[in-house]
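Trainee: I have a structure open and would like to go through it with you. Could we take it piece by piece?

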Amino acid sequence: MLYKLIILYMLDRIDEYTLTNAQITNFILDRGYTNLFNIHESLSELIDKGFISVSTIRNTQHYQITNLGEEALLYFENRISNNIKQEIRDYFKTEKINLKNESEIFSDYYFDENNEYTVECAIKERRETLVNIKITVPTKDLARSICDNWRTKSTEIYQYLVNELWTKE
């Protein structure tokens, strides 16, 4: 039960962002709380019970706490030691940039009904979408390349779009 509570506490404290499977797993394994099997079992049970939701973006699972999960955490949060809570807060403080970037800027692609690839690139701030661009391209390699470049060029592209669309002629 402690592993599930740790996961819920992490997801609750990250607020409007999501955490990836790797981020949750690395935190728990690095501190020796449990093994990989117990982490995956805990995640599965939390999803099955509706305490967390999962979405997959480019083969990476992103987790977010649900209202039901927040309610359960309210009842059982006192079972997590203050030391573990502090370690979680410290982890978020030292990893804040990485956690924020993975959640705010994302891209994905899929094969559509026209036998082309649709690439979706987005920037989110809190729970609001600042920009969401969909581009249709002919090849998987091109779709993958656009997704790979989005993270490094998204801010520049967003600023360009705003400047160009705001400028009066």
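This is a predicted model: local features need pLDDT of at least 70, side-chain atom pairs count only at pLDDT 80 or more; totals for chains, interfaces and linings use all residues.

Trainee: Where is N115 in the chain?

Mentor: N115 sits in the loop between β4 and β5, and those two strands form a hairpin with five residues between them.

Trainee: And what is phi of N115 like?

Mentor: Phi of N115 is positive, near 60°, in a residue that is not glycine. As background, most residues other than glycine have a negative phi.

Trainee: OK, how many bridges join β4 and β5?

Mentor: β4 and β5, the latter covering residues 117–125, pair over seven bridges in the antiparallel sense. Among the partners, F106 is bridged to A122 in β5, and Y110 has T118 in β5 as its bridge partner.

Trainee: Which strands make up the sheet that holds β4 and β5?

Mentor: It is an open sheet of three strands, in the order β4-β5-β6, with antiparallel pairing. The edges are taken by β4, residues 105–111, and β6, residues 128–137, each of which pairs on one side only. From one strand to the next, the twist averages 15°.

Trainee: Switching to the other end of the numbering, what is the order of the sheet with β1, β2 and β3?

Mentor: Those three strands form an open sheet in the order β1-β3-β2, again with antiparallel pairing.

Trainee: Which strands does helix α1 lie across?

Mentor: Helix α1, made of residues 2–13, lies across β1, β2 and β3, and its direction is at about 85° to β3. Helix α3, residues 36–48, lies across β2 and β3, running at about 110° to β2.

Trainee: Let's zoom out, then: how many helices and strands does the protein chain have?

Mentor: The protein chain has six helices and six strands, and read from the N terminus the elements follow one another as α-β-α-α-β-β-α-α-β-β-β-α.

Trainee: What about its dimensions and how much of it is buried?

Mentor: The C-alpha trace spans about 60 × 35 × 30 Å along its principal axes, and 37% of the 169 residues count as buried. The accessible surface comes to about 10,800 Å², with 48% of that belonging to carbon and sulfur atoms.

Trainee: Last one from me: how many positive and negative side chains are there?

Mentor: There are 20 positive and 27 negative side chains, and the centres of these two sets lie 5 Å apart. While you have the whole chain in view, look at the contacts too: counting those with a separation of 6 or more, 55% come from residues 24 or more positions apart.

Definitions and conventions. Residues are numbered from 1 along each chain as its sequence is written. Side-chain values use heavy atoms; hydrogens and water are left out. Two strands pair if DSSP finds at least two bridges between them. Helices (H or I, at least four residues) and strands (E, at least two) are DSSP runs, numbered from the N terminus. Axes are lines fitted to C-alpha atoms, for helices over the stretch in contact, and angles run from 0 to 180 degrees between N-to-C directions. Buried means under 20% relative accessible area, exposed over 50%, partly exposed in between (1.4 Å probe, protein chains only). Contact means heavy atoms within 4.5 Å. Accessible areas come from the Shrake-Rupley method with a 1.4 Å probe; for residues, only the protein chains shown count as cover. Lys and Arg count as positive and Asp and Glu as negative; His and the chain ends are not counted. The place of a charge is taken as NZ of Lys, CZ of Arg, CG of Asp or CD of Glu.
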